[in-house]
Amino acid sequence: MDFLSIAGCAFLTVAFEELFKKLKFSISLNLQKQVLNKLQNWESLLPKIFALLEDAEEKQMSNSSELIRIWLAEIRDLAYDIEDILDEFQVDSQRSSLNISKPHQASSSKFIPSCFNCFKQSDLLISNPHTISKVDGITLKLQSLVDESKLLGLVRQVGDKPSGM
């Protein structure tokens with residue numbers, strides 16, 4: 001096992017532990033139902049992928065499998081994407097709780113009647129079609145990685161769960 005593989009294994013393990021913590025926090029937010037359902041789906045799919053990591057890393061070392069290396073790289077890239085969107089939710093929630101308006105909304109907020117302030121900024125963020133599209137894309141990619149793992153012959157390792165689960 002070379003250094004880069006060990007580092008990659010350690011990174012994915014730590015990344016998944018952080019993702020589970022951030023995902024649990026995001027699920028607790030007041031999100032639009034459509035997005036909340038997707039995040040709950042992630043909560044189901046991420047442990048399945050995490051359970052496959054050890055087998056994938058072992059097979060990558062013993063077989064020097066390029067397909068498994070690509071699969072692991074896709075997981076790493078997707079972990080970054082998931083972290084980015086969950087961070088967006090968290091930042092928006094913090095803004096909402098501190099009643100800090102977004103920079104591009106500051107000038108127009110004076111003209112919005114106070115009855116519209118009952119909407120949380122996190123709801124406004126999630127109403128953004130671009131954000132919903134990103135969540136949908138991540139969900140499809142997660143399911144695709146689970147499906148690809150079957151084609152690669154990866155076996156779920158029982159008992160290995162990140163601490164955030």
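Reply: In the protein chain, residues 24 or more positions apart account for 79% of the contacts with a separation of 6 or more, where contact means heavy atoms within 4.5 Å. This is a predicted model, in which local features need pLDDT of at least 70 and side-chain atom pairs count only at pLDDT 80 or more, while totals for chains, interfaces and linings use all residues. Residues are numbered from 1 along each chain as its sequence is written, and side-chain values use heavy atoms, with hydrogens and water left out.

The protein chain has 5 helices and 0 strands, and its elements run α-α-α-α-α from the N terminus on. Helices (H or I, at least four residues) and strands (E, at least two) are DSSP runs, numbered from the N terminus. Of the 165 residues in the protein chain, 37% are buried. Buried means under 20% relative accessible area, exposed means over 50%, and partly exposed lies in between (1.4 Å probe, protein chains only). The protein chain exposes about 9,500 Å², of which carbon and sulfur atoms supply 57%; accessible areas come from the Shrake-Rupley method with a 1.4 Å probe, and for residues only the protein chains shown count as cover.

The whole structure holds 2 aromatic pairs. One of them is Phe16 with Phe20, a tilted pair at 6.2 Å centre to centre and 50° between the planes. Rings of Phe, Tyr and Trp (its six-membered ring) pair if their centres lie within 6.5 Å; planes under 30 degrees apart count as stacked, over 60 as edge-to-face and the rest as tilted. Phe16 and Phe20 are about one helical turn apart because they are 4 residues apart in helix 1 (residues 3-27). Phe16 has a relative accessible area of 2% and is therefore buried; Phe20 is at 4%, so it counts as buried too. The rings of Phe16 and Phe50 have centres 5.6 Å apart and planes at 45°, so this pair is tilted. It links distant parts of the chain, with Phe16 in helix 1 and Phe50 in helix 2 (residues 33-63), 34 residues apart. At 10% relative accessibility, Phe50 is buried.

Rolling a probe the size of a water molecule over the atoms shows where empty space is left. Here the count is 1 cavity of 30 Å³ or more, and the largest cavity has a volume of about 40 Å³. A cavity is a set of points, on a 1 Å grid over the protein atoms alone, where a 1.4 Å probe fits but cannot get out; lining residues have an atom within 4 Å of a point. Grid points are joined across faces, edges and corners, and a volume is the space filled by probe spheres set on the points. The lining of the largest cavity includes Phe16, Ile82 and Leu142, along with Leu19, Leu46 and Ile75. Helix 1, helix 2, helix 3 and helix 5 each give two or more residues to this lining, and helix 3 has the largest share, 4 residues.

Some individual positions complete the picture. Val35 is in helix 2 and is buried at a relative accessible area of 1%. Its C-alpha atom is 6.9 Å from that of Ile132, 97 residues away along the chain. Thr131 lies in helix 5 (residues 129-151) and is buried at 2% relative accessibility. Gln60 in helix 2 is buried at a relative accessible area of 16%. Leaving out residues up to four places away in sequence, Gln60 touches Ser65, Ile68, Arg69 and Leu72.

Key. On a 1 Å grid over the protein atoms alone, a cavity is a set of points where a 1.4 Å probe fits but cannot get out, and a pocket is an open set with protein on both sides within 12 Å along at least five of seven lines; lining residues have an atom within 4 Å of a point.
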